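Me: I would like to go through this model slowly, asking what stands behind each term. Could we begin with contacts between helices?

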Amino acid sequence: MDLRPESAGQGKPTPTFKEDGGDEAGGVARRGCWGGVLVPLLAVITAIVLGSGFIVASNPPALEAWAGVLRDPLLAVTTSVQAVLDAYLALLVGAFGNPAAVADALGVWRYTGETRPLMDALRPVSESLVITTPYILAGLAVALGFRGGVFNIGAEGQLFVGGLAAAYVGYSVKGLPWLIHMPLALLAGILAGTLWGAIPGILKARWGAHEVINTIMMNYIAFRLADYLLQGPMSRPDGMPITPEVASTAYLPALLPSPVRLHLGFILALLVAWVVYWFLWKTTRGLEIRMVGANPHSARYAGVRIALTIVLTMGLSGALSGLAGANQVLGVDHRMVRAFSAGYGFDSIALALLGNSHPLGVVLASLLFGFLRGGAARMQSVVGVPNEIIRIIQGLIIVFVAAPEIIRSLYRMRAKSEDEKVIVMESPGSS
Amino acid sequence: MAETTLSVPIPKVRSRRGVIAGAISIAMAALIVLMGLSAAGQTSTFVLASQRAGVTIPAPDLVLPSGITLYVLGAIAVLIAMYQFFSEREQVSLYTAVVVGLVVMGFLIWATQGKSLNLTGMLVSSIVRATPIGLAALSGIYSERSGVVNIGIEGMMLIGAFTSVLFASVTKSLFVGVIAGMLFGMLMGLLHAVLSIRYTVNQIISGTGIIILGLGITTYLHRLVFDVHPEFNSPGPAIPAVQILGLWRIPVLGPVVFNQSSLIYLLWVMLVLTQVIMYSTRWGLRVRSVGEHPRAADTLGINVFKIRYMSVLISGAIAGLAGTYMSIGAAGRFSEGMTAGKGFLGLAAMIFGNWNPGGAYLGALIFGFFDSWQEKLSILQVGIPVELLGMAPYLATMVVLAGFVGRSRMPAADGQPYQKESA
């Protein structure tokens, strides 16, 4: 990152400052062309292709055919291809729904006014978007951390405390109008997440303790806290380890009639993505965060208060994860349960990497992962491929995105250009 | 951070630190005395006899008057606080650690008032629980001493735990299981090495990828294979304890030190070996020089890449062994995500021990102790929920990191990919 415009751009954003923003955002946002998108795209495709190996391994007919590969090699290949196609077709249908069914339902709705079949047909897409929502928020949390030079692995724990706080405000406060209660519950989640993120931030800023280990410790503390609260003070009167149901005045309302569960949180998440972009590239504080992330030494030289910025970055990152947890409780589950997060916090690391730590990239990556995970459930039930295959694919994506050279040599691409650089923290050590 | 203290004259800083530390010690002494007041007139019984596998090693019970013992501990804490107030020495944090130890002892005495606690059993379980953490720390030492941050230990441990169970179940041999666990851990180490050395990937990102891959692959295969064929997830009884002849009958010391799993002895041997290798052999010197200043090492004709590859592979093998210990060494089976953060605790222990084997194992023992006390204290029913007591090892990690990381020094080139001049 070019730091020269910094002195000029301290008070208000100047044109040079804008250009600086565009440069980092460049790959995805403005240049838009192959440079920034091709490598992540190829990484995803390569990961999916490698993932099909695991699908073949989980398909008994294919394995049988491979056992007799010497007798009939063609059969082995065709059975394997068939298995992989079946699995990924199930994934696609699970993620997007069946186009024919949607068309039929549209017809029914047009001629009879009956919306139920249409909603049934739209359900798969909606479910995928419901999963996308916490992905966007948690992915933004990690991305913001990367931009500020900190690695927040604690999104999962921040998600948990955010969900707990939102659920508590949701069910214990009664009699408020929706316009006050819902934002209040969201705010509670945000504050809890901020606290959970800021503690490792303070420990790093004040004592130089590495945030990677501390955020993981905070995860385990959050899990224990959730166990304790859900079995004791916050449990439902009948003793089940879940909280009472959130009052309907705290719901993030559904956008369409049941059984479509898509809720206001999705719109909110898109809005937040735009706010994060605006904050990081159009405000002085955002510039300071990116300066510390790009080069703490020159940032210090330029007068940025490093310690404060680290705490701010971690706090904001925690706030976004906390919002993701609150969103999940208020929009989907309407109560806090121990298993309310399907590992969103951990997946968010892959999202931030894949999205090159840019809000737009994170949204696109979240859509991809949301639809992958949405379809994986159907893949598991129809073809019998465990949905953990998605996590393997995610791991592979991380590896390929972090090492674009592998992808380039695999596809015989030209040497790297500057704007392909993956944005992650530059200084893994503690200052 | 350094820059916040730079403007303050140095002698003043030292005394202020002493005052803060002294104040903390006074507060802790007050806490101990308070516990003493609430436990006055009671006795705390610590059972030292050991009963394992039908064999009883007798030892007299340690019966302490709870109140008086706590007052004595409190008085010691006050003395230390006084010393911290007026001392000009730099060792204030060491004394704070001693005071924290006094509080922990005091808490145990307070929790045991009117009841009895098997202290020997608690020590045995501390050693057992410290083992995967100690192995993980050792794994981290090899990698990081050569300048490669290895955050993926957790993922390597999972792979090791899974493959060792699989191979031990199929071949009916625990030994084959151990070897398989180490080999597959090494394979994950190779992946980390290729990514971070050959492709100069950010080592923390690469490690995270390995964690996610390790978790994903083992969970996937667990559901695919073990759920359908439970016979592949039954390596039989865990690796048995080995009794060192004669010595294992010594009261207290015998059960704790001389009657443990052979993998625990292996860890102890490896700790000593690592100390010798790192500080008394040519290879160890090379590893450390590559971790401190790879360019200088390269200039002297040391093959930086080769040393780093070797170190990360060893690190992977030891991480695999750590997972192996958790599955076929202790639990006797594999379960999803069974490492539960032990790899990270190991990294914290490594930092606590200043990247040295002995110190790292001390850190691991502290974590092991806090890990075992959750279980023991829940038996005593002290009125504090089990889940909150379970936070102790994680809180201890954070406190330890904040307290010690400032005074410890990581290898200078840790986390930095090395590229030759021409690149």
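Reply: Two residues are in contact if their C-beta atoms, placed from the backbone, lie within 7 Å. This is a predicted model, in which local features need pLDDT of at least 70 and side-chain atom pairs count only at pLDDT 80 or more, while totals for chains, interfaces and linings use all residues. Residues are numbered from 1 along each chain as its sequence is written, and chains are lettered from A and ligands numbered from 1 in the order in which they are written.

Me: Which residues make the contact of H8(A) with H9(A)?

Reply: From H8(A) come Trp196(A), Ile199(A), Pro200(A), Gly201(A), Leu203(A) and Lys204(A), which meet Glu211(A), Asn214(A), Thr215(A), Met218(A) and Ala222(A) in H9(A). Both are helices in the DSSP sense (H or I runs of at least four residues, whereas strands are E runs of at least two, each kind numbered from the N terminus). Helix H8 of chain A covers residues 178-207 and helix H9 of chain A residues 211-231, and their axes come within 9 Å and cross at roughly 145 degrees. An axis here is a line fitted to C-alpha atoms, for helices over the stretch in contact, and angles run from 0 to 180 degrees between N-to-C directions.

Me: What are the classes of the residues in the contact of H8(A) with H9(A)?

Reply: Six are nonpolar, three polar and two charged, where Ala, Val, Leu, Ile, Met, Phe, Trp, Tyr, Cys and Pro count as nonpolar, Asp, Glu, Lys and Arg as charged, and the others, Gly among them, as polar.

Me: How are H10(A) and H13(A) directed relative to each other, and why?

Reply: Helix H10 (residues 264-282) and helix H13 (residues 306-333) of chain A have axes that come within 10 Å and cross at roughly 165 degrees. Angles over 145 degrees count as roughly antiparallel (under 35 is roughly parallel, 65 to 115 roughly perpendicular, and the rest oblique), and H10(A) and H13(A) are therefore roughly antiparallel to each other. In the contact, Leu264(A), Gly265(A), Leu268(A) and Val272(A) of H10(A) meet Leu323(A), Asn327(A) and Gly331(A) of H13(A). By class, that contact has four nonpolar, three polar and no charged residues.

Me: What makes a strand an edge strand in the sheet of chain B?

Reply: The sheet is open, with three strands in the order S4-S1-S5 and mixed pairing. Strand S4 (62-65) and strand S5 (116-118) of chain B are its edge strands, since each pairs on one side only. Two strands pair if DSSP finds at least two bridges between them, and four bridges join strand S1 (residues 43-47) of chain B to S4(B), the two running antiparallel. Phe46(B) stands opposite Leu62(B) in S4(B). Helix H3 (residues 66-86) of chain B lies across S1 and S4 of chain B, at about 75 degrees to S4(B), while helix H5 (residues 119-145) of chain B lies across S1 and S5 of chain B, at about 35 degrees to S5(B).
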